[in-house]
Amino acid sequence: MAFAAATRIDASASTSSASLRVASSLRDGARRRMMHRCALTAVNAREGDEDFASVERWGVRAVRRADFDGVLKTCAKSGVDWSPAAILDDCEKAVSSPASSLTKVLVAVPAPGEAQESNPRAIGAVGFCVVVAGETQVTQIATLPSIRRRGLGQRMLRALIGIDPRSVAVLEVKSTNEAALGMYVKCGFAESNRRRAYYADGSDAICMIREPEEAPVSTRELTRLLAGLPRDRARAAPPPLPEREAAEVRPVVDVPREQAFIRSSDEDGGFKMRNRIRRK
């Protein structure tokens with residue numbers, strides 16, 4: 001009896017050890033598979049960046065539903081801290097009613113003729129903004145790390161501003177993001193306010209504003225400016241022209257002659273009709 005109990009104990013102990021070994025091996029396998037997937041993801045990301053880095057010409061257009069997957073990947077690789085749900089929500093608003101929606105989303109895609117032209121995931125940059133009440137609020141610009149410093153971010157920013165060029169453009173940027181600050185200054189933005197210790201790392205948030213560009217100068221205004229007139233007088237409307245009296249117009253009247261016909265000098269003795277008198 002004691003021997004049987006000991007046998008059962010040994011069997012249960014060996015079963016527990018086997019279960020632990022199996023569980024350990026399963027954990028090791030899962031860990032290895034996870035590491036393998038992470039490595040593949042990193043490789044794919046690097047390969048995708050390298051492929052997109054070969055694209056020389058980019059075009060900016062409004063987002064489409066086929067771009068949603070590429071937009072998510074570009075935002076993730078660019079370090080955007082928005083949730084995927086928030087990104088897709090803005091994209092859906094921009095696509096569902098492009099004319100009436102306040103939310104606008106633009107994407108940079110390979111230009112026609114590029115090798116990646118037909119790839120729906122080839123999104124080099126993404127721009128988000130809200131256009132409301134004469135103000136364009138630039139909320140996010142994301143550019144792939146592999147194609148930065150090519151002017152694509154600046155093109156995206158100007159495209160967002162160009163949605164409503166008559167509105168005031170505003171944005172916020174981290175004080176430590178020197179590259180973005182330089183780009184915004186080049187595009188005409190100036191600091192308007194500063195939020196101290198706004199970010200988790202203690203960095204300030206710089207509020208920037210850009211006034212709309214002035215209307216083109218007309219030839220008349222340019223001439224008056226060159227003549228030394230101040231801008232307000234140069235832009236003043238011209239005085240009305242004096243009213244001119246309408247010149248008297250006398251109609252042309254054809255008056256028949258008193259003697260409509262005269263005898264011809266021909267031998268046949270016929271008659272010839274005389275020309276009418278033209279009076280003014």
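This is a predicted model: local features need pLDDT of at least 70, side-chain atom pairs count only at pLDDT 80 or more; totals for chains, interfaces and linings use all residues.
**Ground rules.** I number residues from 1 along each chain as its sequence is written, and my side-chain values use heavy atoms, with hydrogens and water left out.

**Overall.** I found seven helices and 11 strands in the protein chain, taking helices (H or I, at least four residues) and strands (E, at least two) as DSSP runs numbered from the N terminus. Of its 280 residues, 28% count as buried, where buried means under 20% relative accessible area and exposed over 50%, with partly exposed in between (1.4 Å probe, protein chains only). I also looked up contacts (heavy atoms within 4.5 Å): among those with a separation of 6 or more, 57% join residues 24 or more positions apart.

**Cores.** I searched for nonpolar cores, meaning sets of buried Ala, Val, Leu, Ile, Met, Phe, Trp, Tyr and Cys residues joined through side-chain atoms within 4.5 Å. The largest has 29 residues, and Trp58, Leu157, Leu171, Val173, Tyr184, Phe189 and Met208 touch the most other members. Elements that each supply at least two of its residues include strand S4 (135-143), helix H4 (152-162), strand S5 (168-174), helix H5 (178-186) and strand S7 (205-210); H4 gives the largest share, five residues. Leaving out residues up to four places away in sequence, I see Leu157 touching Val138, Ile141, Leu171, Met183, Tyr184, Cys187 and Phe189. A second, separate core holds 16 residues, among them Val80, Cys91, Val109 and Ala142.

**Largest pocket.** I define a pocket on a 1 Å grid over the protein atoms alone, as an open set of points where a 1.4 Å probe fits, with protein on both sides within 12 Å along at least five of seven lines; lining residues have an atom within 4 Å of a point. I list 37 lining residues, with Gln140, Ile141, Asn177, Ala180 and Tyr184 nearest the centre, and S4 supplies the largest share of the lining, seven residues.

**Helix H5.** Which residues of H5 are buried? I find Ala180, Leu181, Met183 and Tyr184 buried; they cover an arc of only 165° around the axis (taken over the directions from the helix axis to the C-beta atoms), which puts them on the same side of H5. On the other side, Glu178, Ala179, Val185 and Lys186 are exposed. The buried residues of H5 pack against H4, S5 and S7, and just after the helix Gly188 takes a positive phi of about 95°.

**Val80.** I place Val80 in the loop between helix H2 (68-78) and helix H3 (84-96), and at 15% relative accessibility Val80 counts as buried. Beyond residues up to four places away in sequence, Val80 touches Cys75, Gln140 and Ala142. The C-alpha atoms of Val80 and Ile141 are separated by 8.7 Å, although the two residues are 61 apart along the chain.

**Thr143.** Thr143 lies in strand S4 and, at 11% relative accessibility, counts as buried. Setting aside neighbours within four places in sequence, I note contacts of Thr143 with Ser78, Gly124, Ala125, Arg148 and Gly153.
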